[in-house]
Amino acid sequence: GGFLTTLLLWTGIVGFCWGSGDHELTGSVDGRYSFSLTTFSPSGHLQQVARATRASTLGPPVVAMIYKDSCGTTSTTTTTTTNNNNSRKTSIVLLVSPHVTPTPLMEADGTARFCAITPCIVAAHSGVGADGRVVLAAAQRMAVEHEYTFDEPIPISHFLEQTSLLFQEYTMKAGNRPFGCVLLIAHLPEDDDNDDDVQPELYAIHPSGSVESLGQCGYIGAIADADSLLKDLESSISANTWNVTEAKQSLLDALQKDVQTSRTGRTLSGQEVTQENDALPKPAFLTASFTKHDGLKVNQIP
């Protein structure tokens, strides 16, 4: 009895001291609530979700753009219409991401950055790589089960809803933590020729379960100058002066420029560094294109 009383007394003292101390990302009182998923701190935050959101922004950046080719030259399997003056418009999702490995002896870090979900949906992830793999595997399983049950590809609205619910579930599930990753989802509609139908679009799903529409170009992960990057891409898309090769190269150039900026004082994972910038490993880049006809194609550029 005496031992148990002493143990409870010391537990209370330690808990009081912990709650009264200054801790990173918490105030003097908020520290008492920092390990609970479902308990709001006095400041009105769910701190585990906030930390998961922070972790999702520290991963390698992924920049994506939807390019619409009106010449029908982007795919070997694209068929033209019977009218020689009109050709089928083909939407292409272009994705670029740095590819950094711990040592030159490794060709890959084991993480598939891009993943085709259906013939019309492709996904990429950033943040904690292990979490991204788990979520993408669940998304693929969800798409297969839907097609097996209803004999049709999963609609984008249903896919976004179910994936966001998976994220949200882990913000309040006992014994688990929120996913520390963010997904970038690109969707190509079934019929590119019908401009009045659903348009090709990019989306981001955050650790809290919120879905954000990104439009025709967007990014996830650590970007040093996001406003400048998106402004350049949007102006080029509106001008419509690119062919697909130039669009891919411009996307790569924009990300390379941003990566060089972010190398000042930080690595691609967001960690502080003390070495000279020249001593940091120079990343290769993964480029990917996704069409309904040719699927997902990934290339590595040294």
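Which residue in S7 is the bridge partner of Ala 204? In S7, that partner is Glu 212. The model is predicted: local features need pLDDT of at least 70 and side-chain atom pairs count only at pLDDT 80 or more, while totals for chains, interfaces and linings use all residues. Residues are numbered from 1 along each chain as its sequence is written, and side-chain values use heavy atoms, with hydrogens and water left out.

**View 1. Strand S6 and its two partners.** Helices (H or I, at least four residues) and strands (E, at least two) are DSSP runs, numbered from the N terminus. Strand S6 covers residues 201-205, and four of its five residues are buried (under 20% relative accessible area; exposed is over 50%, partly exposed in between, with a 1.4 Å probe and protein chains only). Strands pair if DSSP finds at least two bridges between them. S6 pairs with strand S5 (residues 181-187) in the antiparallel sense over five bridges. Leu 184 has Ala 204 in S6 as its bridge partner, and His 187 stands opposite Glu 201 in S6. Four bridges join S6 to strand S7 (residues 211-215), also in the antiparallel sense. S6 and S7 form a hairpin with five residues between them. Gly 209, in the turn, has a positive phi of about 100°.

**View 2. The sheet that contains S6.** This open sheet has five strands in the order S3-S4-S5-S6-S7, with antiparallel pairing. S3 and S7 are its edge strands, each pairing on one side only. From one strand to the next, the twist averages 25°. Angles run from 0 to 180 degrees between N-to-C directions, and axes are lines fitted to C-alpha atoms, for helices over the stretch in contact. Helix H3 packs on the sheet, touching S3, S4 and S5 (contact means heavy atoms within 4.5 Å), and its direction makes about 15° with that of S3. Helix H4 also packs on the sheet, touching S3, S4, S5, S6 and S7, and its direction makes about 175° with that of S5.

**View 3. The largest nonpolar core.** A nonpolar core is a set of buried Ala, Val, Leu, Ile, Met, Phe, Trp, Tyr and Cys residues joined through side-chain atoms within 4.5 Å. The largest has 23 residues, of which Ile 117, Phe 159 and Ile 185 touch the most other members. At least two residues of this core come from each of S3 (114-118), S4 (121-127), H3 (129-150), H4 (156-169), S5 and S6. H3 gives the most, with six residues. Not counting residues up to four places away in sequence, Ile 117 touches Val 122, Ala 123, Ala 139, Gln 140, Ala 143 and Phe 159.

View 4. The buried residues of H3 include Asp 131, Val 135, Leu 136, Met 142 and His 146. Seen down the axis of H3, its buried residues fall within an arc of 160°, so they line one face of the helix. The arc is that of the directions from the helix axis to the C-beta atoms. S3, S4, H4 and S5 are among the elements that cover these buried residues. The face turned away from the buried side carries the exposed residues Val 144 and Tyr 148. Asp 151, which follows H3, has a positive phi near 60°.
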